[in-house]
Amino acid sequence: MSSNPTLGFLLHDVSRLLRKRFDQRARFLGLTRSQWQTLSNLSNNEGIHQAGLADILEIEPITLVRILDKLADRGLIERRQDPTDRRIWLLYLREEAHPLLAEMRDLGDVTRGEALNGVSAEEREQLFQVLSHVKTNLVQACRTPLAENETKHG
């Protein structure tokens, strides 16, 4: 077995360390990682229903409800009933969340700057192109069902 990490392990470690460093910087904001991830994703999907946001975050809806309750208690988000279906709640950021999101983005910029220190602009562009290509390949692969013989081990 090679001592070099596989692509999956390397990507996982880089992702974990980026989150860890961001968490160190963002601790003073008083948000948990799940709360800031929820706010960040909601900022790109305002008006989404709770189940849709849970899918994006890849968490169970009941887990998201607890996170949303805490964010609502802090006055950062609001739930509005869907005008066509009273059982569905649509999610929106409150004005109070916008300065916090701006601060989170600034912290993200600083964290990415640390991570990419010493990487030239050309290398950064190549990195993004390669990772985007890998992502596209995997998104497409995940849409393709596996053949029966590929699902069995041993």
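Me: At what angle do helix α2 and helix α4 pack?
Reply: This is a predicted model, in which local features need pLDDT of at least 70 and side-chain atom pairs pLDDT 80 or more, while totals for chains, interfaces and linings use all residues. Residues are numbered from 1 along each chain, and side-chain values use heavy atoms, without hydrogens and water. Helices are DSSP runs (H or I, at least four residues), numbered from the N terminus, and axes are lines fitted to C-alpha atoms over the stretch in contact, with angles from 0 to 180 degrees between N-to-C directions. With the axes of α2 (residues 33–43) and α4 (residues 61–73) 10 Å apart, the packing angle is about 85°.

Me: Which residues of α4 does α2 meet?
Reply: Contact means heavy atoms within 4.5 Å. On the α2 side stand Ser34, Gln35, Thr38 and Leu39; their partners in α4 are Leu64, Ile67, Leu68, Lys70 and Leu71.

Me: How are α2 and α5 oriented to each other?
Reply: Their axes come within 11 Å and cross at roughly 105°. Angles of 65 to 115 degrees count as roughly perpendicular. The two helices are therefore roughly perpendicular.

Me: Which residues of α5 make the contact with α2?
Reply: From α2 the contributors are Trp36, Leu39, Ser40 and Ser43. By class, this contact has 5 nonpolar, 2 polar and 1 charged residues. The α5 residues are Leu100, Leu101, Met104 and Arg105.

Me: What is the geometry class of the pair formed by Phe22 and Trp36?
Reply: Rings of Phe, Tyr and Trp (its six-membered ring) pair if their centres lie within 6.5 Å; planes under 30 degrees apart count as stacked, over 60 as edge-to-face and the rest as tilted. The count comes to 1 aromatic pair. The ring centres of Phe22 and Trp36 are 4.4 Å apart and the planes stand at 55°, so the pair is tilted.

Me: Which helices does the pair of Phe22 and Trp36 tie together?
Reply: The pair joins parts that are 14 residues apart in sequence. Phe22 and Trp36 lie in helices α1 and α2, respectively.

Me: Which element gives the largest share of the lining of the largest pocket?
Reply: A pocket is an open set of points on a 1 Å grid where a 1.4 Å probe fits, with protein on both sides within 12 Å along at least five of seven lines; lining residues have an atom within 4 Å of a point. The largest pocket has a volume of about 1300 Å³. Of its 30 lining residues, the closest to the centre are Leu11, Val14, Ser15, Leu18 and Leu131. The largest share, 10 residues, comes from α1.

Notes
Points joined across faces, edges and corners; volume = space filled by probe spheres on them. Parallel < 35°, antiparallel > 145°, perpendicular 65-115°, else oblique. Nonpolar A, V, L, I, M, F, W, Y, C, P; charged D, E, K, R; others polar.
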